[in-house]
Amino acid sequence: MQPDWLYFKTIAKESGKMEQSTRQMIFGAINVPLAIFWSNPDIQYRKISLSAATNPASWSQSLDVQQRLWLVNKVNTMAIYGEKVTILDGRKNWLQVAAMAQRTKDNKWGQAGWVPEDQISYNTTYLTEQSCLPQAVVMVPKTALFWDTTCWTQPINELSFQVRLPILLEGESIFKVRLPDGGTGHVSRLETKKVSELFFSRECIVAQARQFLGLRYLWGGTSCYGFDCSGYTFRLYQSQGISLYRNSRQQSQEGIPIEENSLLPGDLVFFASQGGKGNIHHVGMCVGNGIMIHAPQSRSEIQESRFDIGHYQEEYWGGRRYVYC
């Protein structure tokens with residue numbers, strides 16, 4: 001359900017009487033396993049959003065190369081269960097939202113896009129506890145969310161890598177967590193950590209990255225159901241407690257420049273058009289010895305490749321380091 005101000009704004013816009021005004025920002029949270037942020041609220045996108053939200057694993061696995069290429073420039077990003085969003089605008093049964101953890105210089109609230117309105121929850125309990133309680137974060141590609149500890153064979157749904165939920169109770173083997181709709185669930189402590197426990201380790205970030213070898217590239221992807229190149233590096237650094245910008249060009253503007261012969265595992269490497277002198281179009285993560293792990297493009301999957309020879313060497317732009325150790 002949209003906040004009241006969005007209905008008034010929609011009516012004003014449709015009647016041609018829209019006036020710019022200041023207002024208090026309204027926040028919500030993603031209430032589906034995977035939400036696609038579209039560049040515009042086109043009716044043809046609703047069915048795709050529903051499929052991705054209902055069963056993201058099945059949806060992503062069913063996409064052929066042409067369907068993956070069709071997503072290019074139509075999708076701005078994707079968000080995962082529980083991510084906090086700012087409501088920017090509304091249009092009938094669509095909302096324009098910004099994912100607040102997905103930093104961008106283009107919008108102070110985060111990477112923005114259009115989602116069906118029923119994929120957003122406004123539960124105040126969840127939003128409050130998200131900001132004041134410790135959070136459990138998923139550290140494996142995917143894990144199950146359960147209603148209670150007596151029903152381990154009946155998961156509510158699946159949670160992707162880096163889903164973060166407020167912790168209500170700590171058990172020996174489980175966390176009881178708050179859900180975006182205000183309900184509660186349980187996740188395994190073996191597959192999660194507290195956000196406060198995250199720290200950068202070169203060995204750890206490489207191990208996290210290699211969990212996804214063979215996963216198909218997905219334009220706009222930021223989840224275990226598919227990553228694009230910068231969505232992959234964004235989530236990998238998030239798993240280390242570090243927030244990078246969402247897109248590769250802006251990631252290249254952070255950190256400090258590192259000479260190619262001084263790169264260490266965990267440093268990011270960037271590639272640009274015009275022999276490495278033009279616009280940045282790709283990012284990977286160094287794993288050592290001239291090898292990077294990366295999500296190349298819609299026809300391929302996450303893989304390790306040499307960047308010191310061939311095509312990648314020709315388009316090499318430079319490396320960046322974000323942790324000075």
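This is a predicted model: local features need pLDDT of at least 70, side-chain atom pairs count only at pLDDT 80 or more; totals for chains, interfaces and linings use all residues.
Residues are numbered from 1 along each chain as its sequence is written, and side-chain values use heavy atoms, with hydrogens and water left out.

Let's start with strand β1, residues 26-30. Helices (H or I, at least four residues) and strands (E, at least two) are DSSP runs, numbered from the N terminus. In β1, 4 of the 5 residues are buried, meaning under 20% relative accessible area with a 1.4 Å probe, protein chains only. Which strands does β1 pair with? One is β4, residues 84-91, antiparallel over 4 bridges; another is β7, residues 120-121, antiparallel over 2 bridges. Pairing here requires at least two DSSP bridges between the strands. On the β4 side, I26 sits opposite I87, while I30 has I120 of β7 as its bridge partner.

Now to the domain. An unreviewed UniProt entry annotates residues 199-323 as "domain: NlpC/P60"; such annotations may be inferred rather than shown by experiment. The end C-alpha atoms of that span lie 10 Å apart, and 26% of the span is helix and 28% strand.

Finally, S252, in the loop between α8 (248-251) and β17 (256-258). Is S252 buried or exposed? Buried, friends: its relative accessible area is 3%. Beyond neighbours within four places in sequence, S252 contacts F270, I280, W317, R320 and Y322, where contact means heavy atoms within 4.5 Å.

How values were computed: Buried means under 20% relative accessible area, exposed over 50%, partly exposed in between (1.4 Å probe, protein chains only).
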